[in-house]
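Reader: I am new to this structure and would like to learn how to read it. Please take one feature at a time, with the general idea before the case.

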Amino acid sequence: MTSVLESPAPVTVRAPAKVNLELFVGPLRDDGFHALSTVYQAVGLHDDVTAALTDDWGCSVRGRDADKVPTDESNLALRAALALSEHTGGQEPVHLSIHKEIPVAGGMAGGSADAAAALVACDALWGTDVPKDELEGIAAGIGSDVPFLLHGGTAVGSGRGEVVTAVLAKGRYHWVFVPSLASGLSTPRVYAAFDERTAGTTLEEPQPSAALMSALRSGDASALAPVLDNDLQADAIGLQPAIGEVIESAMGFGALAAIVSGSGPTVAILADGAEGAIDLAVALTACGVAGDVLRATGPVQGAHILPTVRQL
Ligand code: ATP
């Protein structure tokens, strides 16, 4: 056991949520995952994970939706810490204190963000200094979105989403998110609905669209809006029709675009500038279609160490 005097100070890492600007689903692979082509953007809703040395492995969760997050070894942050420890030949136990701002089970990859944050925090705390490509490999073993949340910015995800390649993207985009629909939609349920709907059709190998890449190079939100696309949107709306109502209302209130984020149920609404985002948030709340509305801009950086420990 490390004495208090020798103990390294706890490390806090901040990781962002993601929105999928484009999500194309291809054929099922031999490993049971669908081939995906997605374009991720990291957005400014964050979870913070503080790693501290202790006698027993564990985690605690505070903040938004904390009661919906497991604190046993099914917690993705704890799984990530254990995977890094194993990869590096065994490390001292850590306690992870997670402060959540990212909606849970919302299609914004909050659990994956916590896993990415835990990897960066534990690597710094233990001084293991694992090379970036190895850290990405461990991240991919935890979940398809985790490597992107280490990376941040705007990037293409291929394979099952875990192979991340940066894209040339200009501009700053203003988003409004409506997460609080009746209950979360589990990713497996949405894929099951997709499989049922597409049974008997041949799915093409998915590829990023040239139109989206060109819109991102222009940095113009009104060029990006018409090319946002999500193959899972119809299935998410089929399972939770209220999502469709939010999309319609947002468009009625002047959104540039409104799409399902990942497998939903969060609706990601692209606004015309910062003021447009405020107006949309107010209108959606006032009309009663959205109980809870969040605003964020993107792109933002991936998991990074914070200089001081936030009071949890
Ligand atoms: P994705 O879009 O990657 O499928 P999501 O954003 O829809 O994910 P998450 O918030 O990542 O959903 O959580 C999905 C489930 O994972 C939750 O219902 C929860 O039980 C479990 N989970 C495990 N660890 C965490 C964590 N650290 N934070 C949130 N959920 C977690």
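Author: A disulfide is a pair of cysteine sulfur atoms within 2.5 Å. By that test the structure holds zero disulfides. Cys59 is in no disulfide, and the nearest cysteine sulfur, that of Cys122, is 11 Å away. The model is a predicted one: local features need pLDDT of at least 70 and side-chain atom pairs count only at pLDDT 80 or more, while totals for chains, interfaces and linings use all residues. Residues are numbered from 1 along each chain as its sequence is written, and side-chain values use heavy atoms, with hydrogens and water left out.

Reader: Is Cys59 buried or exposed?

Author: Buried means under 20% relative accessible area, exposed means over 50%, and partly exposed lies in between (1.4 Å probe, protein chains only). Cys59 has a relative accessible area of 9%, so Cys59 is buried. Cys287, with 42%, is partly exposed.

Reader: How should I read the names of strands and helices?

Author: Helices (H or I, at least four residues) and strands (E, at least two) are DSSP runs, numbered from the N terminus. Strands of a sheet pair through backbone hydrogen bonds, either parallel or antiparallel. Two strands count as paired if DSSP finds at least two bridges between them.

Reader: In what order do the four strands of the open sheet stand?

Author: The order is E9-E10-E7-E11, and the pairing is antiparallel. Strand E9 (257–260) and strand E11 (294–298) stand at the edges with a single partner strand each, so one side of each has no neighbour in the sheet. For angles, axes are lines fitted to C-alpha atoms, for helices over the stretch in contact, and the angles run from 0 to 180 degrees between N-to-C directions. Neighbouring strands of this sheet are turned by 30° against each other on average, direction ignored.

Reader: How many bridges join strand E7 to E11?

Author: Five bridges join E7 (residues 173–178) to E11, and the two run antiparallel. Trp175 has Ala296 in E11 as its bridge partner.

Reader: Which strands does helix H9 touch?

Author: Contact means heavy atoms within 4.5 Å. Helix H9 (residues 242–252) packs on the sheet and touches E7, E9 and strand E10 (267–271), with its direction at about 165° to that of E9. Helix H10 (residues 273–286) also packs on the sheet, touching E7, E10 and E11, and the direction of H10 makes about 10° with that of E7.

Reader: What about strands that run parallel?

Author: Strand E3 (residues 58–63) and strand E4 (residues 94–100) run parallel and are joined by six bridges. Gly63 stands opposite Lys100 in E4. For the path between two strands, a crossover is right-handed if, with the strands pointing away from the viewer, the path from the first strand over the helix to the second runs clockwise. E3, helix H1 (residues 76–87) and E4 make a left-handed β-α-β unit.

Reader: Where is Ser263 placed?

Author: Ser263 is in the loop between E9 and E10. With 6% relative accessibility, Ser263 counts as buried. A polar contact is a pair of N or O atoms within 3.5 Å; within protein, one must be able to donate a hydrogen and the other to accept it, and residues adjacent in sequence count only if both atoms are side-chain atoms. Such a contact, of 3.1 Å, joins the side chains of Ser263 and Thr187. Leaving out residues up to four places away in sequence, Ser263 touches Leu185, Thr187, Val190, Leu232 and Ala236.

Reader: Which residue has a positive phi although it is not a glycine?

Author: Asp65 is one of them, with a phi of about 55°. Asp65 lies in the loop between E3 and H1 and is buried, with a relative accessible area of 19%. Ala109 is also not a glycine and has a positive phi of about 65°. Ala109 is found in the loop between E4 and helix H2 (110–126), and at 12% relative accessibility Ala109 counts as buried.
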